[in-house]
Amino acid sequence: MFICIILTVAIVLTLFYVWLILLYRKWFVSLRLFDDTTVIGAHTSFSIIIPARNEANNIAACLNSIIAQNYPQQYIEIIVIDDFSTDDTVAIVQQWQQQYANIQLIELSKEDTPPTTNSYKKWAIEKAIHNANGEWIVTTDADCIAGKNWISSFAKCIEKEQPALIVAPVRFIYYPTLLGIFQYLDFLSLQGITAASVSTGVHCMCNGANLAYQKAAFIAVNGFAGISHIASGDDMLLMNKIKQQYQGKIIYLLHPNAIVLTQPVLTWKDLLHQRIRWASKADKYEDKSIFWVLLLVYLYNLILFTLPFIALFEWQLWLYWILLLVIKTIVELSFMKPVSRFFGENHLQWFPLLQPIHIAYTVVVGWLGKFGHYQWKGRRVV
């Protein structure tokens, strides 16, 4: 009787999961590339905000990619917010300031009234926006590198679509190691889901490494008020606030010029803490459709994780587990292929082999995201 119940649950969850992934695939393949041939008329001004904590190894490359933009520099303002770095981040930014007048540095260590919670990144972004002169705020990370037409693609999108917030694509830099391949493929799937869901208006999903919004919209929704006590969520939780007030003004910018590259973490421990940080806000969304999707994904992976252990006592379950794993892999690959084509690199040959790791990782991260704590760049967050 117990085995029948387990199998029934597994089959039902599989059917719902297959339906969900195929729906995402349908939405993604229906997307059309943004017409980047638009001729820019009036120049939009941008304030590019870069929170940085111990980014001495990355910040110079990030700044260099922004200075090299194919967009008039008089319309670009760069604001680096140093978040109590203990390395040479500040010194490196100061060297760049000597060469370029449009680079601004804010050191949080010299500011008053730090946050009473762990939401240092939101505090940093708010400080930067308070000092920003641009009409549009663009957030990225200090370990990101943008192509030369990155800001130009935003400007064309703004002129053509008149949005309040733009979600743009992010891709991990590929490293041919087990950890590097795993991160690349896992993040690729998240980016595909983001593009599919945002373009249809179903979920509020985005990544602060490549996000743009009107400064006026940020002010209109009272910034991070109401969500400032949550350690993460400077991107998706803010997006949810803007979406509520600016219906139909959230778009996804699907074009290779809009992609920014970002560095993966270097250890499995750092990956675990990073993803726990991302998962920690799962029950904080007012957009409950995200919560139910995350719950379905978690329960589905949980049943696939537990089946092999139950199969130690009922060997027939091994056959069902293998069958469900094959179904999961085939369906996910059907979604990943068009996503991979857009991002321009195909490493999907590793995808089936990483399924057991991904299932276990999803279960562990989902649990700890709700009930555990994490460390990020030397800070312990409860």
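Guide: Let us start with a convention: an angle of 65 to 115 degrees between two axes counts as roughly perpendicular. Please keep in mind that this is a predicted model. In general, two packed helices are described by the angle between their axes and the distance between the axes.

Visitor: At what angle do the axes of helix 6 and helix 11 cross?

Guide: The axes of helix 6, residues 178-200, and helix 11, residues 317-343, cross at roughly 95° and come within 9 Å. Helix 6 and helix 11 are therefore roughly perpendicular to each other. Helix 6 makes the contact with Leu185, Leu188, Ser189, Gln191, Gly192 and Ile193, while helix 11 contributes Phe335, Met336, Val339, Ser340 and Phe343. Sorted by class, this contact has 7 nonpolar and 4 polar residues, with no charged ones.

Visitor: How many disulfides does a search of the whole structure find?

Guide: The search finds 0 disulfides, and a disulfide would need two cysteine sulfur atoms within 2.5 Å. For Cys144, the closest cysteine sulfur is in Cys62, at 6.5 Å, which is too far for a bond. For Cys157, the closest is in Cys206, at 15 Å, again too far. Cys144 is buried, with a relative accessible area of 2%, and Cys157 is buried too, at 0%.

Visitor: Which residues touch the most other members of the largest nonpolar core?

Guide: Among its 128 residues, these are Ile50, Phe154 and Tyr213. Leaving aside residues up to four places away in sequence, Tyr213 touches several residues, including Ile125, Trp136, Phe218 and Leu238.

Key
Residues are numbered from 1 along each chain as its sequence is written. This is a predicted model: local features need pLDDT of at least 70, side-chain atom pairs count only at pLDDT 80 or more; totals for chains, interfaces and linings use all residues. Side-chain values use heavy atoms; hydrogens and water are left out. Axes are lines fitted to C-alpha atoms, for helices over the stretch in contact, and angles run from 0 to 180 degrees between N-to-C directions. Helices (H or I, at least four residues) and strands (E, at least two) are DSSP runs, numbered from the N terminus. Angles under 35 degrees count as roughly parallel, over 145 as roughly antiparallel, 65 to 115 as roughly perpendicular and the rest as oblique. Contact means heavy atoms within 4.5 Å. Ala, Val, Leu, Ile, Met, Phe, Trp, Tyr, Cys and Pro count as nonpolar, Asp, Glu, Lys and Arg as charged, and the others, Gly among them, as polar. Buried means under 20% relative accessible area, exposed over 50%, partly exposed in between (1.4 Å probe, protein chains only). A nonpolar core is a set of buried Ala, Val, Leu, Ile, Met, Phe, Trp, Tyr and Cys residues joined through side-chain atoms within 4.5 Å.
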